[in-house]
Amino acid sequence: MHRAVAPDQMHQAEPAGAIDFEMIFQHAPVGMCVSSNRIIQSGNRALAAMFGYAQGELNGRSFSVLYPTMDEFLRTGDRIVPIMNARGRYSDERIMRRANGELFWCHVTGRALDAGQPLGAGVWTFEDLSERRPVSAELTPREREIAALLVDGKTSKIIAREMDLSPRTVEMHRASLMRKFSAATSSELVNKLVGAR
C-alpha cells in the first residue's frame, strides 16, 4: 500500500539520484522547445538567448517570430509536412531572425510526437551556426530558401519541385546567388554558403 505524499514533501520523496528533466531541458547546450501546431509551448534558456528574447518570452508564441518573413514561415511549414509524414522527423539549415532583426544560419531538427500529426506536438532543437557561417550577403526571401536547399545538397530540379517553382525560376535565383557570392560554379557557391575557407 502506497502512502500519500503531501505536495511540500514531494521533493524529499524523490529517490536519491532522480533525474530532473526540467533542469536538463533548461541547461541543454542547444536551443530546445516543445511545440504544438507551430506554437512554442515551452522553450529553454539557450533558445531564448540565441534568438535574443528574455527567458520564457517565446512561450506561447508562433514559430513565425523566428523567421525573416511570414512567407518563409508558411512555405517552410508546407515543405516540412511531406518530409515529416515520410520520416517522422525533419532537419535542415536555414536563415532565421533574432529579436533585433539580425539574420543568422541555424541548424533546426524536429520530431513529431505523433507521426500522424507532423506539425502537431513536437520537440525541436536549434543550433546557432553564425560563428562559422555568417550571413554575408543581402538576400531576398526566395534566395534564402534556395540557399538553404542548396546547402542541403538539393539540385535545382528537386528545389523547383519542393518549392513549387519552375526550374527556370530556381536557376534564375541560383544565378543571382552566384553573383552575390562571387562564385563561378555551383560547388563554389555551396562552399561559400557553408562558410568553407
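This is a predicted model: local features need pLDDT of at least 70, side-chain atom pairs count only at pLDDT 80 or more; totals for chains, interfaces and linings use all residues.
Q: Where do I start: how many helices and strands does the protein chain have?
A: Welcome! The protein chain has eight helices and five strands. Reading from the N terminus, their order is α-α-β-β-α-α-β-β-β-α-α-α-α.

Q: What box do the C-alpha atoms of the protein chain fill?
A: Taken along the principal axes, the box is roughly 75 × 35 × 25 Å.

Q: What share of the residues counts as buried?
A: Burial is read from how much of a residue's area stays accessible, and under 20% counts as buried. Here, 40% of the 197 residues in the protein chain are buried. The accessible surface of the chain is about 11200 Å², and carbon and sulfur atoms account for 54% of that.

Q: And what share of the contacts joins residues at least 24 apart?
A: For this we look at contacts between residues at least 6 apart in sequence; 48% of these join residues at least 24 apart.

Q: Since you mention Thr169, where is it found?
A: Thr169 is in helix α7, which covers residues 167-180. Its relative accessible area is 26%, so Thr169 is partly exposed.

Q: Is Phe21 buried or exposed, and why?
A: Phe21 counts as exposed because its relative accessibility is 60%, and the cut-off for exposed is over 50%.

Q: Now for charges: how many positive and negative side chains are there?
A: The protein chain has 25 positive and 23 negative side chains. The centres of these two sets lie 6 Å apart.

Q: Why can charged side chains pair, and how many salt bridges are counted here?
A: The general idea is that side chains of opposite charge can pair when their charged atoms come close. To count as a salt bridge, a side-chain nitrogen of Lys or Arg must be within 4 Å of a carboxyl oxygen of Asp or Glu. By this rule there are 12 salt bridges.

Q: Which parts of the chain does the salt bridge between Arg79 and Glu145 link?
A: In this pair, the closest N and O atoms are 3.6 Å apart. The bridge links distant parts of the chain: Arg79 sits in helix α4 (residues 70-87) and Glu145 in helix α5 (residues 141-151), 66 residues apart. Both residues, Arg79 and Glu145, are buried.

Q: What about Arg94: which residue is its salt-bridge partner?
A: Arg94 pairs with Asp92, and their closest N and O atoms are 3.0 Å apart. Arg94 and Asp92 are both buried.

Q: Where are Glu93 and Arg133, which also meet in a salt bridge?
A: Their side chains come to 2.6 Å, N to O. Glu93 belongs to strand β3 (residues 89-97), whereas Arg133 is in the loop between β5 (122-128) and α5; the two are 40 residues apart, so this pair too is described as linking distant parts of the chain. Glu93 counts as buried because its relative accessibility is 19%. Arg133 is buried as well, with a relative accessible area of 5%.

Methods. Residues are numbered from 1 along each chain as its sequence is written. Side-chain values use heavy atoms; hydrogens and water are left out. Helices (H or I, at least four residues) and strands (E, at least two) are DSSP runs, numbered from the N terminus. Buried means under 20% relative accessible area, exposed over 50%, partly exposed in between (1.4 Å probe, protein chains only). Contact means heavy atoms within 4.5 Å. Accessible areas come from the Shrake-Rupley method with a 1.4 Å probe; for residues, only the protein chains shown count as cover. Lys and Arg count as positive and Asp and Glu as negative; His and the chain ends are not counted. The place of a charge is taken as NZ of Lys, CZ of Arg, CG of Asp or CD of Glu.
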